[in-house]
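Please look over the structure below before reading on. The paragraphs after it walk through the chains and their contacts.

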Amino acid sequence: MSDSVAILDRVGVRYGTQWALSDVSAVFPAGAVGLLGPNGAGKSTMLKALLGLIKPDSGRIGVLDLDVAVAPLDIRARVGYMPESDAQIPGMTAVSFVAYCAELSGLPAADAMQRAHEVLYYVGLGEARYRNVETYSTGMKQRIKLAQALVHDPDLLLLDEPTNGMDPKGREEMLALVRDIAYSRHISLILSSHVMPDVESVCDAVVVMNRGKVVMQGPIASLKKPTGHIFEVRVKGNRAAFVERLRMQAFECRETDADEFRVLVPATAGPEQLFASAAQVGAQVRHLKQSVPTLEDVFAEAMGEQ
Amino acid sequence: MPIHRERYRRREGGIDLAGRAWMVIAANGLRTLARKRAFLFLMILAWMPVVVRGVQIWAAANVPGMSEMGMLAVTPRMFRDFLNQQDPMTFFITVYVGSGLIADDIRAKALQLYLSRPVTRSQYIAGKAAILMSALAAITWLPALLLLLLVPAFMGSMAFVRDNLLLIPSISAYSIIKITLSTFIILALSSLSNSRWFVAVMYAGLAFFTHAVYGVIAGVGDSTMFSWVSLFSNVHQVGDVLFRVPPRYDTPPIVSALVIAIAIAISAFVLSRRIRAIEVVT
């Protein structure tokens, strides 16, 4: 098998007159890869195209060295898919639901039932495995979706917003599970999310999408290599004018949750230019601290370039 | 150490993708049905006429003079009458079993779970259809053949079966037409909604409305030429031909057969359009 688990070559997908994916080329290496982008970027469409559930209007898609257009069933037998929305088969207990999913994936009945028990324990639903799935809480529903995706022991997992609607503790546990799947069980996965810390905590590489296009892709570590310096800045005075001034000088500025903002200063410039710009608009720099780049900076930069 | 580290293991066995997904779906559906009391109650009700007909066959064989009584005589027509007698129960079981077959999956967003596995849309539809078809066959085709077997068993002679060998294909063909039409229509309606109640009302409406329209036309025109308007009257018309008894309506049987074929084709088209893993909102 090659080093990549999925390749998209100039793929276009159209819903009516709207292009959901437009001339998308991307390579997903083995391991944990994040698929990052705002809502409506085309992430879910890409996952469904990888499964062969959506036929592209143009381009080619390969998954696990198989062509999606030629062997979609073989691909689906080796891929586990965890959809974004709540999805279950009505009127079933967790163990019968997961065993049923395993049988649909081609496992013999006895093997399917054994795997269902094991996987339910693995995702932390062992004690609740005889409960009707429809009575589950949001967090439990996320876990059972992971269990059904995992039960046939796929070579590739497609996880669509796996932490949606979960409380902080549940979210941490889910991410721990996903990390374990990727790094201890050695199952490659594509984690689609708009939550950057989730992707950053799990994935080695990332594909960033916006408006149906891939705007950036590669290993997170190399994408985060600074092309300049990142500073956390807080000012007193005319903040808007200061930000405007910085942007005129082609400095990237990004608001944060606090009253600070982050400024990407090119390698050719230095912090003294921040002070000079503040002085020019009559603002005072009250806080200045050099910071390390985060995935959010990478994302903001990619969005800015778009 | 979290419990999950101790439990998960990679799987080493093979998988079988030899197109058996529809059987998995059908078997699961039938197991689920068998646990429902309402379904078992309907099945018991549906088998009561079978018992009555069995008694009739026994009486015709053992009670002197019984076989001469027109209504109670064992004739090929009795089998067609028995299958028509099952129409109400066929309707109720179709509505009870069929209305939620796809609608419930749409409501629970389960289609994407099926179709993201090595399951084709045809296999999904075949699996769902097999659930209802099995239930309907169990109250039409199966008991009709059983009654046919009871005749030589009670009469001690194969003469009736030998003289009416065509009854076996007639019973089978009539049952298949009834079952297929009911199954395709309810599945198509079920794929159009996420509410099984709405589907049930739609199916009942389709059956009764088309028959009512035909009734009005027949009343005004004093002719049964337009019986093809009533969806399920077409089945009776074709059934009469299959059992080689005079057709009950003036509509040419070929027209009735054509209406049945068109209804099945439209239902199949609706299913092919509606059974998708994604819902596109434009």
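This is a predicted model: local features need pLDDT of at least 70, side-chain atom pairs count only at pLDDT 80 or more; totals for chains, interfaces and linings use all residues.

Residues are numbered from 1 along each chain as its sequence is written, chains are lettered from A and ligands numbered from 1 in the order in which they are written, and side-chain values use heavy atoms, with hydrogens and water left out.

Start with chain A. Its C-alpha trace spans about 75 × 45 × 35 Å along the principal axes. Chain A has 11 helices and 14 strands. Helices (H or I, at least four residues) and strands (E, at least two) are DSSP runs, numbered from the N terminus. Of the 306 residues of chain A, 54% count as buried. Buried means under 20% relative accessible area, exposed means over 50%, and partly exposed lies in between (1.4 Å probe, protein chains only). Now take contacts, meaning heavy atoms within 4.5 Å. Among those in chain A between residues at least 6 apart in sequence, 68% join residues at least 24 apart.

Next, the cores. In soluble globular proteins, nonpolar side chains tend to be buried together. A nonpolar core is here a set of buried Ala, Val, Leu, Ile, Met, Phe, Trp, Tyr and Cys residues joined through side-chain atoms within 4.5 Å. The largest has 161 residues. Those with the most contacts inside it are F28(A), V63(A), F79(B), I93(B) and Y124(B). Domain 1 (4-219) and domain 2 (228-304) of chain A both give residues to this core, so it lies between them. The domain bounds come from an automatic or database domain assignment. A second, separate core has 15 residues, including V235(A), L246(A), L274(A) and A278(A). Back in the largest core, look at Y124(B). Leaving out residues up to four places away in sequence, Y124(B) touches I25(B), L101(B), I102(B), D105(B), L111(B), Y114(B), L115(B), V119(B) and I275(B).

Now the interface. The contact takes 49 residues from chain A and 37 residues from chain B. About 3,900 Å² is buried between the two chains, and carbon and sulfur atoms give 57% of that area. Buried area is the accessible area (1.4 Å probe) that two parts lose on being put together, summed over both. Between the chains, 8 residue pairs are in polar contact (both at pLDDT 80 or more). A polar contact is a pair of N or O atoms within 3.5 Å; within protein, one must be able to donate a hydrogen and the other to accept it, and residues adjacent in sequence count only if both atoms are side-chain atoms. On the side of chain B that touches chain A, the elements giving two or more residues are α1 (4-7), α2 (21-34), α5 (87-107) and α6 (111-115) of chain B. The largest share of that side, 5 residues, comes from α2(B).

Side chains of opposite charge can pair when their charged atoms come close. A salt bridge is a side-chain nitrogen of Lys or Arg within 4 Å of a carboxyl oxygen of Asp or Glu. The whole structure holds 19 salt bridges over all chains. How many cross the interface of chain B and chain A? The rule finds 1. R107(B) pairs with E134(A), with the closest N and O atoms 4.0 Å apart. R107(B) counts as partly exposed, at 43% relative accessibility. E134(A) is also partly exposed, at 33%. E134(A), D104(B), R107(B) and R196(B) are linked in a network of salt bridges.

Two further pairs lie within chain B. K178(B) bridges to D87(B), the closest N and O atoms being 2.0 Å apart. K178(B) lies in helix α10 and D87(B) in helix α5 of chain B, so the pair ties together parts that are 91 residues apart in sequence. K178(B) is buried, at 5% relative accessible area, whereas D87(B) is partly exposed, at 22%. K128(B) bridges to D105(B), with the closest N and O atoms 3.0 Å apart. Both K128(B) and D105(B) are buried.

Finish with helix α12 (residues 233-242) of chain B. 8 of its 10 residues are buried, so α12(B) is largely enclosed by the rest of the structure. The buried residues of α12(B) pack against α4 (76-85), α5, α10 (167-190), α11 (196-221) and α13 (253-274) of chain B. R244(B) follows α12(B), with a positive phi near 55°.
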